[in-house]
Amino acid sequence: MRRLSETAGLGLVRHTSSVLAATNGAVAIGDLRVAAGVSSTHLAQRFKELLGVTPKRLARTYRFTATVFAINPAEPIDLGELAGRASYFDQAHFGHQFRAFTGLTPTRYIEIRRRFLREHPGPT
């Protein structure tokens with residue numbers, strides 16, 4: 001425990017990552033960096049060293065996860081609206097991020113989820 005508490009940047013990474021989790025990644029990394037009083041490079045280095053990813057990548061992961069959980073395949077889905085609610089710059093950016101995380105387009109992902117629900121209905 002003593003050695004862990006002496007890990008350089010652990011408090012910074014712990015605090016920053018908890019803010020990212022609480023906001024589902026919808027906070028500017030620059031704002032977190034300024035609030036912590038550290039440089040972008042320092043923050044990214046601590047994250048890479050302790051978590052293996054940059055704070056920006058962690059934020060993208062949280063934001064994407066929250067967006068996927070918001071999809072209800074049983075209802076009509078407006079991908080433009082979904083992208084906007086998730087704070088993606090535009091629907092094209094959302095589609096690019098979706099494909100980067102899943103290897104699928106949002107439309108294809110929804111088709112697969114709908115087919116799965118048809119083939120494996122839950123208890124009624």
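Q: What makes residues of helix α5 count as buried, and which are they?
A: This is a predicted model. Buried means under 20% relative accessible area. In α5, that group is Pro 55, Leu 58, Ala 59, Arg 63, Phe 64, Thr 67 and Val 68.

Q: What covers the buried residues of α5?
A: The cover includes α2 (10–22), α3 (29–36), α4, α6 (79–85), α7 (91–102) and α8 (106–119).

Q: How do you know that the span of α2 agrees with its residue count?
A: Helix α2 has 13 residues, so at 1.5 Å a residue it should span 18 Å. Its end C-alpha atoms are 18 Å apart. The two values agree.

Q: Why are the buried residues of α2 said to line one face?
A: The buried residues are Leu 10, Leu 12, Val 13, Thr 16, Ser 17 and Leu 20. Seen down the axis of α2, they fall within an arc of 155°, so they line one face of the helix. The face turned away from this buried side carries the exposed residues Arg 14, His 15 and Ala 22.

Q: Why is Arg 46 called buried?
A: The cut-off is under 20% relative accessible area. Arg 46 has 15% relative accessibility, so Arg 46 counts as buried. Arg 46 is found in helix α4 (residues 40–50). Leaving aside neighbours within four places in sequence, Arg 46 is in contact with Ala 8, Gly 9, Leu 12, Val 13 and Leu 51.

Q: Why is the pairing of Glu 49 and Arg 46 called a salt bridge?
A: The definition asks for a side-chain nitrogen of Lys or Arg within 4 Å of a carboxyl oxygen of Asp or Glu. The side chains of Glu 49 and Arg 46 meet at 3.0 Å, N to O. The pair therefore meets the 4 Å limit. Both residues lie in α4, 3 residues apart, about one turn of the helix.

Q: What makes Arg 85 exposed but Glu 81 partly exposed?
A: Exposed means over 50%, and partly exposed lies between that and the buried limit of 20%. Arg 85 has a relative accessible area of 52%, so it is exposed. Glu 81 has 44%, so it is partly exposed. Their side chains meet in a salt bridge of 2.8 Å, N to O. Both lie in helix α6, 4 residues apart.

Q: How do you know that Arg 115 and Glu 119 form a salt bridge?
A: Their closest N and O atoms are 3.8 Å apart. The limit is 4 Å, so the pair qualifies. The two residues are 4 residues apart in helix α8, so about one helical turn separates them. Arg 115 counts as partly exposed because its relative accessibility is 37%.

Q: What makes up the largest nonpolar core?
A: It has 12 residues in all, including Phe 64, Val 68, Leu 82, Phe 94, Phe 98 and Ile 110. The elements giving two or more residues are α5, α6, α7 and α8. The largest share, 3 residues, comes from α6. A second, separate core of 9 residues includes Leu 20, Val 38, Leu 43 and Ala 59.

Conventions:
Residues numbered from 1 in each chain as written. Predicted model: local features only at pLDDT ≥ 70, side-chain atom pairs only at ≥ 80, totals over all residues. Heavy atoms only, no water. Buried < 20%, exposed > 50% of the residue type's maximum accessible area, 1.4 Å probe, protein only. Contact = heavy atoms within 4.5 Å. Core = buried A, V, L, I, M, F, W, Y, C linked by side-chain atoms within 4.5 Å. Expected span 1.5 Å × (residues − 1). Arc of directions from axis to C-beta.
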